[in-house]
Amino acid sequence: MATDYILKDQTISQAARRGRMLAVALAAFLGAPYAHGEAVSPATGDDRAAPAAQARVSLLGRWRQRIATRLPERTLVETYDRLARQTRESADNLLGNMALTLRHETDAYTDDLGKRSWEAGIDFPLKALGQRKAFRALAEQYPTLGERHTRWLDWQAAGIARDLYGELLELRILRDHAREAEQQAARLHELVTLRESAGDASRLDSLLSSRNLNQTRIEAVAAQARLRKGLALAATWGIDLDEEDLPKADADSRPTIEADADQDGIIRRHPRYLWIEASNAVASAQTELALWESRASNELFLGGKQDRADGAPDEASLVFQLRIPLGESPGYRRATAEAAQQRRQRQTELARVKQELTQALIESRQSLIAARKLLPLARQQAETTRQALALSRQNYEAGEIGLQDLLIVQKEHLQAQLELALAKARSIRAYQQLNQAAGILP
């Protein structure tokens with residue numbers, strides 16, 4: 001508070017000096033601007049909104065990247081490449097389905113007629129001819145799953161970043177408001193002290209102003225503690241900020257999507273929807289592979305046989321054997337029914353996710369509409385209290401109202417400025433939540 005003044009006349013009376021001090025203090029008290037309310041106000045011109053919005057998106061983008069690296073599920077994405085590679089290798093591993101059969105017959109321990117028989121061949125299930133198709137149908141799903149899982153995690157990180165941004169923005173506004181209230185209370189206390197020394201204020205006024213100052217100091221300490229708690233929470237996500245680096249809402253946020261955009265198309269492009277869709281595709285491919293493995297198969301045996309007997313020439317022959325199961329394997333019919341039930345369950349889950357995303361999009365749009373309607377009302381209220389404060393100053397200087405009445409109007413104006421700042425911050429947050437609900441990454 002500027003209280004410097006120059007005494008031109010060294011013979012000025014003590015009373016006049018006190019009057020000059022009171023006038024300076026009163027002017028400082030009544031004329032103190034609420035600078036914070038303007039510091040967070042969105043720009044109204046398009047020339048300022050565009051670059052500032054781009055800077056804010058860049059800030060959220062950096063926060064999203066830091067947060068995404070700290071999500072525990074991030075390590076799961078690294079496993080998809082290995083799964084795809086090993087599944088492709090399994091598709092080409094036909095030897096794993098073949099079996100070598102060796103058989104030897106002899107009567108050396110029974111009749112000892114000199115009969116000997118050797119047989120060797122390969123068993124091959126004919127369903128293995130479709131092995132490559134069954135395994136590769138699954139292998140082809142893993143790259144898509146990895147890509148969509150990464151985008152889904154980025155979307156979650158974006159939600160955390162946007163929530164942190166909104167929380168820190170509001171905490172900064174409340175902290176600055178508490179500081180401004182404390183400064184106003186300090187100027188009031190100084191004014192009352194000067195008036196008391198001049199005999200224009202009672203001891204009760206001094207005690208009340210002192211109590212008011214202490215109360216605002218308590219509120220300022222609490223607001224500061226809440227802000228530091230928010231900064232500590234942000235630090236756990238790798239976002240290290242100090243109180244001077246807090247984000248400032250210096251421009252209006254605008255939604256990336258249009259209000260009349262295709263809602264169904266937005267949902268189908270949503271990272272969460274795409275992730276569930278890819279997960280269902282992998283699960284379906286796994287189910288089909290499991291059914292293929294449990295299905296009974298014709299088996300082909302190709303080999304050779306050699307018979308030898310004493311006193312007789314050796315006999316060699318080729319062996320061809322086809323094994324045809326007479327029915328399905330016991331578990332195949334049950335597995336088929338379970339697969340159908342699982343497919344229906346996955347379809348139901350995808351429909352439920354679509355419904356949830358649609359509801360979230362509708363709610364965020366309505367919140368944005370409400371924020372748009374509240375913002376001009378808050379501006380109007382702030383302007384009304386400003387005019388009331390100006391009239392109260394005039395009435396106080398004219399002696400028509402007391403100091404307590406003036407202070408009430410001053411506090412109402414301060415509160416209206418706070419509500420305006422919060423309304424602007426919440427409007428920005430509503431825009432960000434709309435983009436989050438639409439699946440748009442910063």
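How many aromatic pairs does the structure hold? The structure, a predicted model, holds 3 aromatic pairs, where rings of Phe, Tyr and Trp (its six-membered ring) pair if their centres lie within 6.5 Å. Its secondary structure comes to 12 helices and 4 strands; helices (H or I, at least four residues) and strands (E, at least two) are DSSP runs, numbered from the N terminus.

In this predicted model, local features need pLDDT of at least 70 and side-chain atom pairs count only at pLDDT 80 or more, while totals for chains, interfaces and linings use all residues. Residues are numbered from 1 along each chain as its sequence is written, and side-chain values use heavy atoms, with hydrogens and water left out.

**Overall figures**
- Of the 442 residues of the protein, 40% count as buried; buried means under 20% relative accessible area, exposed over 50%, and partly exposed in between (1.4 Å probe, protein chains only).
- The protein has an accessible surface of about 25400 Å², and 52% of that surface belongs to carbon and sulfur atoms. Accessible areas come from the Shrake-Rupley method with a 1.4 Å probe; for residues, only the protein chains shown count as cover.
- Among contacts (heavy atoms within 4.5 Å) between residues at least 6 apart in sequence, 82% join residues at least 24 apart.

**Aromatic pairs**
- Among the 3 aromatic pairs is that of Phe135 and Trp292, which is edge-to-face because the ring centres are 6.0 Å apart and the planes stand at 80°. Planes under 30 degrees apart count as stacked, over 60 as edge-to-face and the rest as tilted.
- This pair links distant parts of the chain, with Phe135 in helix H6 (residues 131-139) and Trp292 in helix H10 (residues 271-294), 157 residues apart. Phe135 and Trp292 are both buried.
- Trp152 and Trp275 form a stacked aromatic pair, at 5.2 Å centre to centre and with 10° between the planes.
- The pair of Trp152, in helix H7 (residues 141-197), and Trp275, in helix H10, likewise links distant parts of the chain, 123 residues apart. Trp275 has a relative accessible area of 12% and is therefore buried.

**The sheet**
- The 4 strands form an open sheet in the order E1-E2-E3-E4, with antiparallel pairing; two strands pair if DSSP finds at least two bridges between them.
- E1 and strand E4 (312-323) are the edge strands, each pairing on one side only.
- From one strand to the next, the twist averages 15°; axes are lines fitted to C-alpha atoms, for helices over the stretch in contact, and angles run from 0 to 180 degrees between N-to-C directions.
- Strand E1 (residues 99-106) is joined to strand E2 (residues 116-125) by 8 bridges, and Arg103 has Glu119 in E2 as its bridge partner.
- Between E2 and strand E3 (residues 299-309) there are 10 bridges; Ala120 stands opposite Gly304 in E3.
- E3 and E4 are joined by 10 bridges, and Gln306 has Ala316 in E4 as its bridge partner.

- Helix H8 (residues 203-235) has 33 residues and spans 48 Å from its first C-alpha to its last, close to the 48 Å expected at 1.5 Å a residue. The expected span is 1.5 Å times one less than the number of residues.
- Buried residues of H8 include Ser209, Asn212, Leu213, Thr216, Ala220, Ala223, Gln224 and Leu227.
- Glu383 lies in helix H11 (residues 330-397) and has a relative accessible area of 33%, so this residue is partly exposed.
- The C-alpha atoms of Glu383 and Ala416 are separated by 8.6 Å, the two residues being 33 residues apart along the chain.
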